[in-house]
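Hi there,

Here is the structure I promised to pass on to you. Have a look at it first, and then read my notes below.

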Amino acid sequence: MKGEVMAPVWSREKGMGARAMSWDYSGIQQILHRLDDLLLNPDGLEIDATKREATPPSLGLIYQIIVAHHKQTQGDSKIARVATKQLQVAVSKIEKTCSEIGEQIATIEGRADVLETDLGAMARQAAMHDTQLSDIQWKIEDFENRQRSNNLLILGIQEGTEGQDPRAYIIRLFKAAFLEQSRWDWKKEIQRAHRFPLYLKKQTSVVGAGAGLQQRRAFIVYFGNYLLRQIIFEKARPDSKISCEGCTFFSRPDFCHATVERHWRLRQLISPFQERGAEAFLLSPARLKTIYKGTVRVFSSEIKAKEYLQS
């Protein structure tokens, strides 16, 4: 490329208020020659970063030059033809790339739909498994409580009072405490009796192990006859303790740990329900009954009871 490139000259026409551009045509011709060289032999162009005139023009300037030259030559321009061809090739590549991206997006969307369907199916299966697991837990808990139905917890007897034979001590204590039940063969009906670790609150409420609780060893007595067990339980409730042979004792049912824990958690909800103006009380073994504005509800789950309380 020969000669020195003249930059376009900018001027403001009077009375228009907008910028207009006037060109030095000889400078344009030199830029077109440079563009010709660049398009025909792009690897042969040497660029000197220290010389501003050797720097290739911007795309906007190239576009304006191509349009101006195209108009002056009535479309007969090598630079316009080459640029148009290159633009067509570039557009074709872009269209192909866009098409490929569109296909990939369609594939991804299809996979996303499949994954969403699978996720929904797995969520339904998980919910079904949770229900089945809950049912199994309830059945296991009910079975364990049935196994304990003939048991009775005896609390209040001082440690060591029973001596070396706990069963013989309980038989002697019950004979003296329940004289009206002399028709029963106590040796036959009381089949087992032994100490059992029990966690008690200070008010003797049976709860699970935890901070602030006192551990005591209560008696667990197994009755061969359920009717006798019920008689002793009714006569020796916590609110009607029995005093005999220097000790005061009372009885409680023997439920499994899960039932006792649920009983305690539901019991903590009685006061919040009463503060809301509802009647609330516990049903055996571990259910909470509420009456609010004539609506009666029974809860076996602490979570559902709290959700109803907050609703």
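A word on naming: helices (H or I, at least four residues) and strands (E, at least two) are DSSP runs, numbered from the N terminus. Two strands pair if DSSP finds at least two bridges between them.

This is a predicted model, where local features need pLDDT of at least 70, side-chain atom pairs count only at pLDDT 80 or more, and totals for chains, interfaces and linings use all residues. Residues are numbered from 1 along each chain as its sequence is written, and side-chain values use heavy atoms, with hydrogens and water left out.

Let's start with the strands. Strand 6 (residues 242–244) pairs with strand 7 in the antiparallel sense, over three bridges. Two residues lie between these strands in the hairpin, where E245 has a positive phi near 55°. Strand 7 (residues 247–253) also pairs with strand 3 (residues 151–155), again antiparallel, over four bridges. There, L152 has P253 of strand 7 as its bridge partner.

Now for the cysteines. C244 stands opposite C247 in strand 7. How many disulfides are there? A disulfide is a pair of cysteine sulfur atoms within 2.5 Å, and by this rule the count is zero. For C244, the closest cysteine sulfur is in C247, 6.7 Å away, so it is too far for a bond.

C244 is buried, at 13% relative accessible area, while C98 is partly exposed, at 46%. (Buried means under 20% relative accessible area, exposed over 50%, partly exposed in between, with a 1.4 Å probe and protein chains only.)

Happy exploring!
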